[in-house]
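I opened the model and kept a notebook as I went. These are my entries, in the order I looked things up.

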Amino acid sequence: MALDNLRKLYQQVILEHYKKPRHRGITDPVHRHQRGHNPSCGDTIELTVQLEESERQIAAVKFEGEGCAIAMASADLMADAMRGKTIPEALQMVQSFQNMMKGEGEFPREHRKLNVMQGVAQFPVRIKCATLTWHTLKAALEHQSVESADEFISNEENN
């Protein structure tokens with residue numbers, strides 16, 4: 001019964017963030033920009049990142065794109081979790097998320113909302129949907145300018 005309740009919670013949170021995303025749009029100003037594509041199912045994402053004045057912390061992450069409920073919910077959850085993080089902290093969270101998708105751990109209490117995405121790991125074909133935004137954020141944070149992100153990156157080779 002506990003597993004059934006977990007599945008229902010997973011589905012409820014995914015649908016909530018898919019139907020009513022809180023971080024859809026474009027940041028103003030845009031300090032980092034990256035487009036991502038999942039060739040396996042056609043999900044596309046366009047991320048923009050606004051940094052604090054010191055450019056050490058993330059002020060906001062927003063996204064535009066089209067895709068399945070898992071991809072869009074993952075984008076919204078990720079955008080919420082990144083606010084206030086330094087770039088190294090954000091990159092560490094990307095790695096933690098990718099590890100969680102492989103069944104290697106979960107997020108600590110302060111980010112436990114992200115753990116709802118663990119349910120995706122039960123469906124290996126959907127893992128790329130969940131990790132697309134995280135892969136795209138990593139590329140955006142590793143680029144030092146907005147202009148370097150005009151092409152789509154793919155998450156095919158990394159997941």
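Entry 1: I began with strand E1 (residues 32-38). E1 pairs with E2 in the antiparallel sense, over seven bridges. I noted the rules: helices (H or I, at least four residues) and strands (E, at least two) are DSSP runs, numbered from the N terminus. Two strands pair if DSSP finds at least two bridges between them. One bridge I looked up joins arginine 32 to valine 49 in E2. I then followed the chain through the turn. E1 and E2 form a hairpin with four residues between them. Glycine 42 sits in that turn and has a positive phi of about 95 degrees.

**Entry 2: what kind of model this is.** This is a predicted model, where local features need pLDDT of at least 70, side-chain atom pairs count only at pLDDT 80 or more, and totals for chains, interfaces and linings use all residues. Residues are numbered from 1 along each chain as its sequence is written, and side-chain values use heavy atoms, with hydrogens and water left out. I looked up pLDDT, the predictor's confidence in each residue, from 0 to 100. The protein has a mean pLDDT of 86, and 88% of its residues reach 70 or more. Where is confidence lowest in the protein? It is lowest in helix H1 (residues 2-19), at a mean of 75. It is highest in E3, at 97.

**Entry 3: the next hairpin.** Strand E2 (residues 43-51) also pairs with E3, in the antiparallel sense, over eight bridges. I checked some partners across this pair. Threonine 44 stands opposite glutamate 66 in E3. Glutamate 46 faces glutamate 64 in E3. Leucine 47 has phenylalanine 63 of E3 as its bridge partner. E2 and E3 form a hairpin too, with six residues between them. Glutamate 55 lies in that loop between E2 and E3. Its phi is near 60 degrees, a positive value in a residue other than glycine.

**Entry 4: the whole sheet.** I put the strands in order. The sheet is open, has four strands and runs E3-E2-E1-E4, with mixed pairing. Which strands are at the edges? They are E3 (58-66) and E4 (152-154), each pairing on one side only. Neighbouring strands of this sheet are turned by 30 degrees against each other on average, direction ignored.

Entry 5: I went back to the loop between H1 and E1, where proline 29 lies. A cis peptide bond joins aspartate 28 and proline 29, with omega at about 5 degrees.

**Entry 6: H2 and its neighbours.** Helix H2 (residues 69-82) lies across E2 and E3, running at about 170 degrees to E3. Axes are lines fitted to C-alpha atoms, for helices over the stretch in contact, and angles run from 0 to 180 degrees between N-to-C directions. H2 packs with helix H4 (residues 127-142) at about 40 degrees, with their axes 7 Å apart. H2 and H4 are therefore oblique to each other. (Under 35 degrees counts as roughly parallel, over 145 as roughly antiparallel, 65 to 115 as roughly perpendicular and the rest as oblique.) The contact (heavy atoms within 4.5 Å) includes Ile70, Ala71 and Met78 of H2 and Cys129, Trp134 and Leu137 of H4. By class, it has nine nonpolar, two polar and no charged residues. (Ala, Val, Leu, Ile, Met, Phe, Trp, Tyr, Cys and Pro count as nonpolar, Asp, Glu, Lys and Arg as charged, and the others, Gly among them, as polar.)

**Entry 7: H3 against H4.** Helix H3 (residues 87-101) packs with H4 at about 160 degrees, with their axes 10 Å apart.
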